[in-house]
Amino acid sequence: MIKDYTLSKSDTTGWWVWTCSDGSKTGSATTKKQAKKDAKANCPVAFVLDPPDFNAVYTDGSLMDFTVKNLDLVPVQYTTSDISEDEFDFFFGLVCDEDSDCTTRAQKAITILKFWGIYNGGTTEPEIKTNHDMSDTDFQRIIEKDYIGLHIHIDDDVYTWTFPE
Amino acid sequence: MINLISTWLIVVMFFLGSVKPPPGTVFLSDNLYIDQAEISNFEWIEYLIWLKQEFGENSNDFKNSIPDNEIWKNLYKTDFSFSLVNNNYLNYPVVGVSYDQANNYCTWRSKLVNEKFKNDKKVNYRLPTKNEFEKAIKLEQLNISKYYNENLNLFKSPEKTKGNFLLFLSNNVSEMTIVKGEAFGGNFNDKSNSLKFYKSPEKWLGFRCIAEIE
């Protein structure tokens, strides 16, 4: 995640002042921790999206549960009821079982967005595009996993996708 | 035995003398501490941010605390900017501020510092008297010429300054005393440490606070 705010300690009050890097919002708090929290809650967020690290547990050849690091590099645990084995396989480039339908385009997008921790609802392709301000091309590139170096900027639930040339 | 007692006394004296100065200040005398430098644009913006956060952008508290832009612009050659981003003058003294605004700032600062340091002794910030300025002048002795900005004819306050030294009493801007209309200290036009007088905000006029520990 790209830090999109700055914190400065005021020498004259001892308080911490936070300001979004784009200058859109500012505030102050008694502690650095609180200032950071306020900044995170108020400033637009920019991400550089890369495939996350994961760690999966298989029992008798079936996926049981797995952890995936989100954009803050915090491991998040999932079970196959959260994200199916097919979706998991798709995301990490593994081959689907022959008797599986693999996964739909919408499910692929949901999986990726969930892993990144920026899923904003929707179950169908149009809903996902609307909820995440995605163009047809954005959607296509995401489900094709053509997203290395992609930047996403989120401000007040408005998503801006910038793909590398 | 006498040696033991004197050692103990020295230790006690050391700890009594090493009371942590209130934020932004250096020791002046007794229970008095004075700001190391004039209140800067950053610190004034911090004040505005708090007012905006507390009372809203359309409140009189916020609007009435914005410096006089014409005065500010006269010195810095650009409009006063409420923003902390890409602001080249954050560490220069705030000007365009009235006596009442400066007093309000000191009162507000007391509130914030006492809130943050609840377990410490209570601190009251206020404007200094002429006598306190005169005492402070005797303590000012540091050469900080590397922070001099020839275009502005002003010194920039070094960030995160450490040490028990005072800055800019005899230059930069003259500073308001506790008496309305009376200012002390040299400025970019007039380096003399004589009393100066004003009726309204001036581009050569700023302020710093005294912290009085109760």
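Student: Among contacts in chain B between residues at least 6 apart in sequence, what percentage join residues at least 24 apart?

Tutor: In this predicted model, the share is 62%. Two residues are in contact if their C-beta atoms, placed from the backbone, lie within 7 Å. Local features need pLDDT of at least 70 and side-chain atom pairs count only at pLDDT 80 or more, while totals for chains, interfaces and linings use all residues. Residues are numbered from 1 along each chain as its sequence is written, and chains are lettered from A and ligands numbered from 1 in the order in which they are written.

Student: How many helices and strands does chain B have?

Tutor: Helices (H or I, at least four residues) and strands (E, at least two) are DSSP runs, numbered from the N terminus. Chain B has six helices and 10 strands.

Student: What is the strand order in the open sheet of chain A?

Tutor: Strands of a sheet pair through backbone hydrogen bonds, either parallel or antiparallel. Here, two strands pair if DSSP finds at least two bridges between them. The order in chain A is β1-β2-β3, three strands with antiparallel pairing. β1 (5–9) and β3 of chain A are the edges; each has a single partner strand, so one side of each lacks a neighbour in the sheet. From one strand to the next, the twist averages 20 degrees. Between β1(A) and β2(A) there are five bridges, and Lys9(A) is opposite Trp16(A) of β2(A).

Student: Which helix lies across β2 and β3 of chain A?

Tutor: That is α2(B), which runs at about 95 degrees to β3(A). Axes are lines fitted to C-alpha atoms, for helices over the stretch in contact, and angles run from 0 to 180 degrees between N-to-C directions.

Student: How many residues of each chain are in contact across the interface?

Tutor: The size of an interface is often given as the accessible area lost when the parts come together. Counted by residues, 14 of chain A are in contact with 17 of chain B. On the chain A side, β2 (16–20) and β3 (26–29) are the elements that give two or more residues. β3(A) gives the most, three residues. By class, this side has two nonpolar, 11 polar and one charged residues. Ala, Val, Leu, Ile, Met, Phe, Trp, Tyr, Cys and Pro count as nonpolar, Asp, Glu, Lys and Arg as charged, and the others, Gly among them, as polar.

Student: Is Thr13(A) buried or exposed?

Tutor: A residue is buried if 20 or more other C-beta atoms lie within 10 Å of its own, exposed if 12 or fewer, and partly exposed in between. Thr13(A) has 27 C-beta neighbours inside 10 Å and so counts as buried. Thr13(A) sits in the loop between β1 and β2 of chain A. Beyond four places in sequence, Thr13(A) touches residues including Glu46(B), Arg109(B) and Lys116(B).

Student: How do I read the crossing of α3(A) and α5(A)?

Tutor: Two packed helices are described by the angle between their axes and the distance between the axes. The axes of α3 (residues 105–116) and α5 (residues 136–143) of chain A come within 9 Å and cross at roughly 75 degrees. α3(A) and α5(A) are therefore roughly perpendicular; angles under 35 degrees count as roughly parallel, over 145 as roughly antiparallel, 65 to 115 as roughly perpendicular and the rest as oblique. Among the contact residues are Ala109(A) and Ile112(A) of α3(A) and Phe139(A) of α5(A).
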